[in-house]
Amino acid sequence: MVLPMSTQYTAVRTLLSVVDIVFNNKDRNPQIGRDILVRILKTLGDKLDALHSCRGQVEKLKGHNGLVLHESTTEGLSDLAILAQLESPVGSDAKESLRDLKSMVRAIIVGHKTLIWYINKYRGQREKDKIEAPPLQPGTNEEVSSAMLKITHTEQALIDRYIRLAFPCIKWLKDENSNDTNGANGTKPSADHFRDALSYFAAAFTVLDGYDLCRTLGRRLEELIEAVTDDPAAILVPRHLLAANATTSFEFCTLLLNFLVERMDMLATSVHTGIQFVPPADSCDVNEASRLQALMDSHNSMESKDDMMKRSSAHLQLFERVLKSLSSFPENERALRPHLRKIVSKCLQASMEKEDFKVDNHCMLLRYIFRSISAGKFEESYRELLPLIPTVLNGLFRIFRATDDPFLHHTIIELLLTIPARLSSLLPHMNILLRVIISALESQSGDLVNLG
């Protein structure tokens, strides 16, 4: 028998209501409280896993338009609405079940934030209370005696599972078919609930140190990139982590840069339109099978190009967020510096050599890098780029002479005039720069005129 969604939601809330009491317990054996917190973490993860596993049933039901659920068909219903019916007994109100399901997902996301914070801080809490724990014997299993430790391997595995399940479940809160998108009856719009859940998800990791962050979220950066690719609103997660505090920002900046630099080819977008001409139906030399195949190839080509553009846009946005974090946390420049030459070289190489792909994103990334470094006093980065200045100047000038795209032309001029280098390093290349300065002064852009 499946319990009503309202009962399940009440059970989750009741479980979360004891978390603070457990964290502040005064028992002489600190291991008891730690074990309870971990069990609650596992239980919430199990519930999220159970909800997520119903997605297969939802897809199966949506494939049978004639199947009736609670006196309503699946046709026209969102995945979340069908899941609410699956998780509720016959005769319950579908709207109330849907509301309770959303509330339960939100409660689980917020609960994980609190639990991860409490488990990570549990040792400090016991030390503050000056309650002595039984001494650990040599060779003791950390999972059995973890009260005075930070995050154990078992807890890392539970957090890892939570990350894997959280993104698809949080997406349910942004239910496009829901009736509360306009915030009727004093409720928040679905988009606001979606953004709040993403904020709580990100906040759960701001308390972790570099090692634990690497062992949890660092292993799931692929899922994070997929979420940002699928929905640009998910950029809120890396933005929150990069703006949280100096430690978290530096550690996450390091993880993200290592991931993105290894996948810089993802910045490319195809110049081909993806349009294929399909032979007419009455063509005597083309049979129906080949015509249908041409239609499918055209459709797949368009989908592939669309996916490529989404992915390249997501990667560019993430690079932009990392570079913008330098203004708030200058220490992040230490994470950027080891990759600086590779990023600049790859962007320049892609811009000059690839004929089948647009160079806009690579030039935009160079623009973000030049602006970020020039805006701060990053002497080490200036020195890092010093050997590349002749190559960068000559390469950008070649693109400047070859391009007919007004937007790209504007970007290249800006790049040439904002190269992060001292004047003494640029003087030997003044013959190139003077030509660019003249073009900047003759342009209709006030920004370029000022730069010139």
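This is a predicted model: local features need pLDDT of at least 70, side-chain atom pairs count only at pLDDT 80 or more; totals for chains, interfaces and linings use all residues.
Residues are numbered from 1 along each chain as its sequence is written, and side-chain values use heavy atoms, with hydrogens and water left out.

**Confidence**
- The chain has a mean pLDDT (the predictor's confidence in each residue, from 0 to 100) of 80, with 74% of its residues at 70 or more.

**Helix H19**
- H19 covers residues 406-417, so 12 residues, and spans 17 Å from first C-alpha to last; that's close to the expected 16 Å, which is 1.5 Å times one less than the number of residues.
- Its buried residues (buried is under 20% relative accessible area, exposed over 50%, partly exposed in between, with a 1.4 Å probe and protein chains only) include Leu408, Thr411, Glu414 and Leu417.
- The buried residues of H19 pack against helices H16 (360-375), H18 (389-402), H21 (430-442) and H22 (446-451).

**Serine 325**
- Serine 325 sits in helix H13 (residues 288-328) and is buried, at 5% relative accessible area.
- Leaving out residues up to four places away in sequence, Serine 325 touches Leu242, Ser249 and Asn332.

**Cysteines**
- The whole structure has zero disulfides, a disulfide being a pair of cysteine sulfur atoms within 2.5 Å.
- Cysteine 347 is in no disulfide, and its nearest cysteine sulfur, on cysteine 363, is 8.0 Å away.
- Cysteine 347 is buried at 0% relative accessible area, and cysteine 253 is buried at 0% too.

**Rings and charges**
- There are eight aromatic pairs, counted when ring centres of Phe, Tyr and Trp (its six-membered ring) lie within 6.5 Å; planes under 30 degrees apart are stacked, over 60 edge-to-face and the rest tilted.
- Phe23, Trp117, Tyr118 and Tyr122 are linked into a cluster by ring pairs.
- Arginine 263 lies over the face of phenylalanine 259, 3.7 Å from the ring centre; the rule is NZ of Lys or CZ of Arg within 6 Å of the centre and within 35 degrees of the ring normal.
- Arginine 422 lies over the face of tyrosine 382, at 4.3 Å from the ring centre.

How values were computed
Helices (H or I, at least four residues) and strands (E, at least two) are DSSP runs, numbered from the N terminus. Contact means heavy atoms within 4.5 Å.
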